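Visitor: I have some time to go through this model with you. Could you put it up, and then I'll ask as I go?

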Amino acid sequence: MIIDLANTDTRTIQDALTAARHRVGQPATGKVLTLVIVTSEASQYDALRASTEAAREHPCRILGVIPRGGREEPRLDAEVRMGEGGPGEIVLLRLYGEVAEHADSVVLPLLVPDTPVVVLWPDTAPRRPSVDPPGALAQRRVTDTAATANPLAALKRLATAYMPGDTDLAWTRITPWRSLLAATLDQPHTEITAGRIEASPDNPSAALLAGWLAVRLAVPCEVCDSFGPGITAVRLTTDSGQIAVTRPDGRCATLSEPGVPDREVALHRRPAAELIAEELRHLDPDEVYEEAVTRYAQGLNGAPRRVKAGRP
């Protein structure tokens with residue numbers, strides 16, 4: 001069911017939500033959070049589709065906010081969607097003119113009462129998510145530096161403005177890498193003296209993975225450019241040889257250790273819906289992400305340096 005509301009207000013949107021809920025027989029309770037997606041018109045379809053998939057695991061009210069701004073007369077247009085491929089509620093809000101500067105005032109009356117709020121920016125992130133009007137309403141603020149025009153510059157800017165509750169989908173993408181490396185390094189091995197990440201150019205996930213390794217292993221860690229896709233290899237230098245995880249195809253990795261036969265490990269690149277669902281499981285501040293992104297932001301004073309590399 002889709003209800004179009006042109007030049008409307010939040011009271012009318014609330015009434016439309018209530019009416020749609022009764023018509024489809026959906027209970028008023030059961031929502032575990034409100035997910036606010038601040039996006040552009042070009043990105044809203046993919047962002048809402050991925051979030052709707054994530055809502056199967058985390059029933060929620062999804063508020064898609066599209067600030068149109070411009071010199072038009074202040075206006076709020078809305079679409080209320082119920083039963084559109086997911087268990088939750090979707091409200092798509094288009095903000096025109098001066099209304100676009102007050103997205104928090106539009107969003108606030110539409111939040112599910114007494115539940116956490118998560119704000120997602122799937123494309124361009126604000127300079128300081130914690131003080132951005134919608135971000136100030138949230139317990140968790142999720143950006144995606146990989147979708148920006150200059151990912152590494154955006155990552156450094158967000159690191160400088162970090163506040164507890166901030167995180168990035170570039171960090172979420174490396175959860176399988178971190179799990180595999182942590183399990184591997186739990187086994188006996190000789191001292192690790194250096195680390196090297198190989199990834200497609202300007203890859204923020206590689207920068208965060210290098211920062212995490214540099215903090216956890218207390219060794220220098222460099223990032224080298226490869227032909228992708230994404231992260232293609234992690235190589236750790238030890239006194240007895242190299243521990244390496246190589247993934248040239250974005251699906252299956254090979255784990256190599258000194259004196260041990262190579263092993264194949266599933267390490268596929270995950271879709272956006274899985275990444276969003278993972279972030280919605282953790283509403284507390286991510287201190288490990290803070291360590292990794294802070295280490296990257298330190299630049300020559302401690303962050304992994306970038307070097308050029310040829311074809312691996």
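Guide: Let us begin with a side-chain pair: Arg 94 makes a polar contact, side chain to side chain, with Glu 79 at 3.1 Å, where a polar contact is a pair of N or O atoms within 3.5 Å, and within protein one must be able to donate a hydrogen and the other to accept it, with residues adjacent in sequence counting only if both atoms are side-chain atoms. This is a predicted model, in which local features need pLDDT of at least 70 and side-chain atom pairs count only at pLDDT 80 or more, while totals for chains, interfaces and linings use all residues. Residues are numbered from 1 along each chain as its sequence is written, and side-chain values use heavy atoms, with hydrogens and water left out.

Visitor: Is Arg 94 buried or exposed, and where does it lie?

Guide: Arg 94 lies in strand E5, residues 89-96, with helices (H or I, at least four residues) and strands (E, at least two) taken as DSSP runs numbered from the N terminus. Arg 94 counts as buried because its relative accessible area is 15%; buried means under 20%, exposed over 50%, and partly exposed in between, with a 1.4 Å probe and protein chains only.

Visitor: And what is Arg 94 in contact with?

Guide: Leaving aside neighbours within four places in sequence, Arg 94 is in contact with Glu 41, Gln 44, Ile 66, Arg 68, Arg 75, Leu 76, Asp 77 and Glu 79, contact meaning heavy atoms within 4.5 Å.

Visitor: Gln 44 is in H2, I think; which residues of H2 are buried?

Guide: The buried residues of H2 are Gln 44, Ala 47, Leu 48, Ala 50, Ser 51, Thr 52 and Ala 54, and what covers them includes strand E2 (33-38), E3, E4, E5, strand E6 (117-120) and H8.

Visitor: Switching to pockets, what is the volume of the largest pocket?

Guide: The volume of the largest pocket is about 260 Å³. Of the 17 residues lining this pocket, Arg 173, Ser 205, Gly 230, Arg 247 and Arg 269 are the closest to its centre, and the elements giving two or more residues to the lining are helix H6 (175-185) and helix H7 (204-217). On a 1 Å grid over the protein atoms alone, a pocket is an open set of points with protein on both sides within 12 Å along at least five of seven lines, a cavity is a set where a 1.4 Å probe fits but cannot get out, and lining residues have an atom within 4 Å of a point.

Visitor: How does that lining split by class?

Guide: The lining of the largest pocket has 8 nonpolar, 4 polar and 5 charged residues, where Ala, Val, Leu, Ile, Met, Phe, Trp, Tyr, Cys and Pro count as nonpolar, Asp, Glu, Lys and Arg as charged, and the others, Gly among them, as polar.

Visitor: What about the second largest pocket, which elements line it?

Guide: The second largest pocket has a volume of about 210 Å³, and helix H2 (44-54) and helix H8 (272-280) are the elements that give two or more residues to its lining. By class, this second lining has 10 nonpolar, 1 polar and 4 charged residues.

Visitor: How many residues are in the largest nonpolar core?

Guide: The largest nonpolar core has 37 residues, and those with the most contacts inside it are Ile 197, Leu 208, Leu 209, Leu 213, Ile 231 and Val 234. H7 gives the most to this core, with 8 residues. A second, separate core of 28 residues includes Leu 5, Ala 16, Leu 95 and Val 99. A nonpolar core here is a set of buried Ala, Val, Leu, Ile, Met, Phe, Trp, Tyr and Cys residues joined through side-chain atoms within 4.5 Å.

Visitor: Where is Asp 202, and what is its phi?

Guide: Asp 202 is found in the loop between strand E9 (192-199) and H7, and its phi is near 55°, a positive value in a residue other than glycine. Most residues other than glycine have a negative phi, and most peptide bonds are trans. Asp 202 counts as partly exposed because its relative accessibility is 41%.

Visitor: And Ala 218, buried or exposed?

Guide: Ala 218 counts as exposed because its relative accessibility is 68%; Ala 218 lies in the loop between H7 and E10, and its phi is near 55°, also a positive value.

Methods
Points joined across faces, edges and corners; volume = space filled by probe spheres on them.
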